[in-house]
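Hi,

Here is the structure I promised to pass on. Have a look, and my notes follow below.

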Amino acid sequence: MEGLVLFNALVTRLLFFLHSLVGVWRVAEVKKEPRYGLLALLNLLLFLETALTLKFKRGRGYKWFSPAIFVYLINIVPSLWILELHHENQYCSSQSEEMSQNTSSKEDFNQTLTSSEQTHGGDNIIESAKVFVNNLSTVCEKDWTLGLHQTFLLMLIIGRWLLPIGGTITRDQLSELLLMFVGTAADILEFTSETLAEENVRNNPVLVYAILCIWTWSMLQFPLDLAVQHVMCPLSVTARGFPSLFLCQYSADLWNIGISVFIQDGPFLVLRVILMTYFNVINQMLVFFAVKNFLVVMLHLYRLVVLALDVRASLRRQELAASGVAPGGPEGGAKEGLALPLREPRPSADSDPTP
């Protein structure tokens, strides 16, 4: 079992490392400057995290936080920022000639693979790799960036699945967390692809920076596992009053609501409303997702009110039970305990003795 834990821990971090290297390579290829290859030095943090985790945790994760995913975010997010800010990223017309030659390049690649099996295997494998890399370079920059966004989110979900479970999180809670990540990743991908695809947005650097900042902020929810961590409340918490019991009893639900309102749907809604009202960027999908964000925020706030009322009702029942009053209320309890005193019947006038 320990061997499987170590294997999963190392394989997951290897996938993170390779994907971040692809992002760095793409940045250096687009910018045509080798100095951008220095971004690969950020992977030293991943090596350090791996060594510390293997030494102190035997490859297992932590209770409420995943350092491996957090370091992976540090490695890949700068590359995606640079690719999104690249001024030619949204245009593909300049590469039309290269794309038209893509078919012939693939044929040459297949011919090279066939010849590599016949003669000079080692040299031809290197040539085949060069042809393969050249074919990748002919892909449109917009498609490249979108592909990195998609694989980035998939790596977060698959990596969290493969990482060994740590702390008090159970497999049931992990499956719940992964399902939440799938929905969250779809919303985040739609947010970036839908907003940055607008020409008016691309021509405004302030908007591009704002969108990327909100996108980066929304990514910070992935290293955290608090949304499924249900805490057992001790009896002493009840005596502290409503706030302590509320925070303890519904900690996971409150974290879910906080993520939606302050990290994801809330910021997404604010930005989309600003795009529609101030910058006059209006389209069918933008309006639809703005309404969707608004409904999600309202539903979470409604759930917050419901949870608060439930805790107050629970405290009220405990107070009544402690005071010995029935749950139906003090008036109902008093009525049940009432009993009319028996009085001696008065004799009627007909039964009175005559003198």
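**What I found**

Helix α15 covers residues 284–322, and its 39 residues reach 57 Å from first C-alpha to last, close to the 57 Å expected at 1.5 Å a residue (the expected span is 1.5 Å times one less than the number of residues). Helices here are DSSP runs of H or I with at least four residues, and strands are E runs of at least two, numbered from the N terminus. Do bear in mind that this is a predicted model: local features need pLDDT of at least 70 and side-chain atom pairs pLDDT 80 or more, while totals for chains, interfaces and linings use all residues. Residues are numbered from 1 along each chain as its sequence is written, and side-chain values use heavy atoms, without hydrogens and water.

The chain has 16 helices and 0 strands. Buried residues (under 20% relative accessible area; exposed is over 50%, partly exposed in between; 1.4 Å probe, protein chains only) make up 38% of its 355 residues. In α15 they include L286, F289 and N293.

The whole structure holds 8 salt bridges (a Lys or Arg side-chain nitrogen within 4 Å of an Asp or Glu carboxyl oxygen). One of them joins D253 and R303, with the closest N and O atoms 2.6 Å apart. D253 lies in α13 (residues 251–263) and R303 in α15, so this pair ties together parts 50 residues apart in sequence. D253 is buried at 19% relative accessible area, whereas R303 is partly exposed at 37%. A network of salt bridges also links D187, D265 and K292.

Best wishes
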